[in-house]
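Biologist: I am new to this structure. Could you take me through the fold and then the packing inside it?

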Amino acid sequence: MSAPEESGAAIIEALTQRYAAMRSYRDRGVVRNWLMPGEPPIETPFETSYSAPNLFRFSFDCPHPFPPLAHIVTRYVVGFDGQRAYVWRQHAEDAPELDVASDISMMVGSVACVSSGASHIITRLLLPQVGGIALRDLRDLSVVGGETVDGVPCRRVSGNHPKGQGWVMVIERESNLLRSVARGAKDLVQEHQAIQVDESIDVSTFAVPS
């Protein structure tokens, strides 16, 4: 007789505890945003690096939303280098701009919208000082099936954001790693690949870009 399937809330709690215990984390990923039916999505590639307790870097490339101008890209880096939180940005070939603060939560929040939320979801799991809605705050969590991602068995867990939007998370069955989040009517999908956990990361990774 097979063991009963865990509840959606239990899976999200296990995922939350898994990320909270990580000594380091790295990934690459992409957000795909379908703004117009029948049109290709806008793709925002990103990379994450984290070393406990608070070294952090999240970079992403934001293309112009008008397809003929998609080659015009603004690059963002938000992070904490051990002493200060920062947001570095460069629009196309313009001179870079740098904002510095003591609060990483404020810096992450300042780019959450332009990153289509990608800057917040994993950061909220890794850094407890980052505020905002976490995956464990979603309502009506339930298991809605499974799928295989890169040969790895995963579970699909659905939930509702407190403001009403439906989310579906794809989570590795054995490792409790988050592989993707679909928001709304699957018109905004955030995918995580090349995940590395608890491996050494050179401290220079977290320096403010020059």
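**Fold and packing**

Modeller: Along the sequence, the protein chain follows the pattern α-β-β-β-β-β-β-α-α-β-β-β-β-β, where helices (H or I, at least four residues) and strands (E, at least two) are DSSP runs, numbered from the N terminus. This is a predicted model, in which local features need pLDDT of at least 70 and side-chain atom pairs count only at pLDDT 80 or more, while totals for chains, interfaces and linings use all residues. Residues are numbered from 1 along each chain as its sequence is written, and side-chain values use heavy atoms, with hydrogens and water left out.

Biologist: How many helices and strands does the protein chain have?

Modeller: The protein chain has 3 helices and 11 strands.

Biologist: Where do H1 and H3 meet?

Modeller: Leu 15, Thr 16, Tyr 19 and Ala 20 in H1 meet Ile 122, Leu 125 and Leu 126 in H3; contact means heavy atoms within 4.5 Å.

Biologist: At what angle do the axes of H1 and H3 cross?

Modeller: The axes of helix H1 (residues 8-20) and helix H3 (residues 118-126) cross at roughly 75 degrees and come within 7 Å. Axes are lines fitted to C-alpha atoms, for helices over the stretch in contact, and angles run from 0 to 180 degrees between N-to-C directions. That makes H1 roughly perpendicular to H3, a term for angles of 65 to 115 degrees.

Biologist: Is H3 largely enclosed or exposed?

Modeller: H3 is largely enclosed by the rest of the structure, because 8 of its 9 residues are buried. Buried means under 20% relative accessible area, with a 1.4 Å probe and protein chains only. Among the buried residues of H3 are His 120, Ile 121 and Leu 125.

Biologist: Which residues have the most contacts inside the largest nonpolar core?

Modeller: They are Tyr 19, Ile 104, Leu 135, Met 169 and Leu 178, in a core of 42 residues. H3 gives the most to this core, with 5 residues. A nonpolar core is a set of buried Ala, Val, Leu, Ile, Met, Phe, Trp, Tyr and Cys residues joined through side-chain atoms within 4.5 Å.

Biologist: What is Leu 135 in contact with?

Modeller: Leaving aside neighbours within four places in sequence, the contacts of Leu 135 include Ile 12, Leu 15, Ile 121, Leu 125 and Trp 167.

Biologist: Changing topic, is Thr 44 buried or exposed?

Modeller: Thr 44 counts as buried, at 5% relative accessibility. Thr 44 lies in strand E2 (residues 42-51).

How values were computed. Parallel < 35°, antiparallel > 145°, perpendicular 65-115°, else oblique. Buried < 20%, exposed > 50% of the residue type's maximum accessible area, 1.4 Å probe, protein only.
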